[in-house]
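Hi,

Here is the structure I promised to pass on.

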Amino acid sequence: MLSALTQLLIFQLAGEVIARGLNLPLPGPVLGMLLLFLALAVRGAPDHELQTTSQNLLQHLSLLFVPAGTGIMVHLHRVADEWLALLLSLLVSTFATLLVTALAMKLCQRPTPAQGETP
Amino acid sequence: MTPRISEIWVYLAASPLLGLTITLLAYQGAFWIFRKSGNHPLANPVLIAVTVLVLFLTVTGTSYETYFAGAQFVHFLLGPATVALAIPLYTQFKRVKAMLLPVIVGLFAGSLTAIISAVAIGRLFGASLPTQLSLAPKSVTTPIAMGVAERIGGIPSLTAVLVIVTGILGAVGARYVFDAMKLRDPAIRGFAIGVASHGIGTARAFQVNEQSGAFAALAMGLNGALTALLLPLMVAWLHFA
């Protein structure tokens with residue numbers, strides 16, 4: 001676990017340094033994800049340890065959004081002023097985005113059978 | 001008796017231990033409800049945990065800063081977890097390669113829909129210009145969205161809230177949209193969730209299916225990059241600000 005966590009942090013650090021150094025609009029961790037992906041593509045499948053550690057981290061990915069989500073309490077008053085416009089915009093836009101993305105993909109997909117179980 | 005309890009409270013309220021512990025407790029409780037409901041999307045663990053924590057902090061008069069001093073240890077793991085998304089992406093890459101065209105078309109269609117519809121509806125219902133601009137990047141992951149909002153004249157901290165709400169809405173609502181469309185392919189379902197509702201949607205996708213999760217992670221990264229490049233150009237082009 002320790003070496004896997006170290007690897008993840010090294011890639012995050014590399015992403016952070018490159019993103020800031022080159023003034024890229026991407027956050028460090030997202031660039032770190034791309035770098036690790038490239039590394040895996042070059043050197044082959046991730047070792048067992050990296051595999052299990054990531055699985056453990058991603059299994060509770062939701063937990064990691066809780067501290068930032070709780071920050072809503074600081075902004076409740078700002079949201080209160082324009083709540084109707086905000087709520088309608090977020091609600092309709094999120095559903096429209098889901099629908100349009102899925103529809104566009106479905107329309108230009110070659111007819112190959114889907115693998116895996118349906119969520 | 002009472003002074004002693006309040007003394008203990010004064011100590012606990014100032015130490016990071018409390019913020020960290022209540023975060024884990026609230027989440028485990030929320031996750032238990034989520035499992036008990038048969039992974040029902042309405043029982044979203046982020047939504048439940050955040051609601052419980054906001055109520056608890058408000059009732060006890062604890063400030064968010066004090067809470068975050070402890071919760072930051074959980075928050076920090078978001079970085080390495082984002083990097084770890086590379087592994088399912090690698091595992092599923094064969095499928096991604098086979099779906100290159102739908103992925104690219106879906107990305108552009110979804111990204112533009114997210115930006116334009118959010119701003120247009122906000123404008124229609126009388127949101128102020130800074131609010132409209134804060135709404136524009138709401139479908140991408142928080143650090144990108146806040147950076148973009150700042151650049152185009154929105155309010156970054158308002159954007160952060162809108163991003164979280166969007167994530168929860170997408171995670172809760174996606175199944176109903178896809179079922180209504182009779183869409184079964186886990187790759188498309190995952191990708192659309194990732195485009196519309198970034199990391200919180202991705203977390204939901206992983207709870208359902210590994211392939212959906214990998215495609216959601218891919219969509220989150222791609223839409224973040226595309227929005228960061230596209231949105232400032234669109235705003236300048238439309239002479240918005």
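**Where the two chains meet**

The crossing of α6(A) and α11(B) is right-handed, a crossing being right-handed if the near helix is turned clockwise from the far one by less than a right angle, and left-handed if anticlockwise. Before going on, the housekeeping: this is a predicted model, so local features need pLDDT of at least 70 and side-chain atom pairs count only at pLDDT 80 or more, while totals for chains, interfaces and linings use all residues. Residues are numbered from 1 along each chain as its sequence is written, and chains are lettered from A and ligands numbered from 1 in the order in which they are written.

Back to that helix pair. Helices here are DSSP runs (H or I, at least four residues; strands would be E, at least two), numbered from the N terminus. Axes are lines fitted to C-alpha atoms, for helices over the stretch in contact, and angles run from 0 to 180 degrees between N-to-C directions.

On the α6(A) side, the contact is made by L86(A), L90(A), L91(A), T94(A), F95(A), L98(A), L99(A) and A102(A). On the α11(B) side, the residues include L162(B), V165(B), L169(B), G170(B), G173(B) and F178(B). Contact means that the C-beta atoms of two residues, placed from the backbone, lie within 7 Å. By class, the contact of α6(A) with α11(B) has 14 nonpolar, four polar and no charged residues. For the classes, Ala, Val, Leu, Ile, Met, Phe, Trp, Tyr, Cys and Pro count as nonpolar, Asp, Glu, Lys and Arg as charged, and the others, Gly among them, as polar.

Zooming out, the contact between the chains takes 71 residues from chain A and 99 residues from chain B. In chain A, α1 (2–21), α2 (28–43), α3 (48–59), α4 (66–70), α5 (72–81) and α6 each supply at least two residues of the side that touches chain B. α6(A) gives the most to that side, with 21 residues. By class, the side of chain A that touches chain B has 48 nonpolar, 19 polar and four charged residues.

**Inside chain B**

What about a helix pair within one chain? α8 (residues 100–124) and α12 (186–208) of chain B pack at an angle of about 30°, with their axes 9 Å apart. That makes α8(B) and α12(B) roughly parallel to each other, and their crossing is right-handed. V103(B), G106(B), L107(B), G110(B), S111(B) and A114(B) of α8(B) meet F191(B), A192(B), V195(B) and A196(B) of α12(B). The classes here come to seven nonpolar, three polar and no charged residues.

A114(B) deserves a click. With 29 C-beta neighbours inside 10 Å, A114(B) counts as buried (20 or more other C-beta atoms within 10 Å of its own; exposed is 12 or fewer, partly exposed is in between, and C-beta atoms are placed from the backbone). Not counting residues up to four places away in sequence, A114(B) touches S93(A), T97(A), S139(B) and A196(B).

Two loop residues have positive phi without being glycine. N39(B), with phi near 55°, lies in the loop between α2 (16–36) and α3 (45–60) of chain B and is partly exposed, with 14 other C-beta atoms within 10 Å. K182(B), with phi of about 60°, sits in the loop between α11 and α12 of chain B and counts as exposed, with 7 C-beta neighbours inside 10 Å.

**Domains**

Chain A is divided into domain 1 (1–61) and domain 2 (71–109), with C-alpha centres 29 Å apart. Chain B is divided into domain 1 (2–76) and domain 2 (84–237), and 27 Å separate their C-alpha centres. The bounds come from an automatic or database domain assignment. In chain B, six residues of domain 1 are in contact with six residues of domain 2. The domain 1 side of that contact has four nonpolar, two polar and no charged residues.

Cheers

Methods:
Angles under 35 degrees count as roughly parallel, over 145 as roughly antiparallel, 65 to 115 as roughly perpendicular and the rest as oblique.
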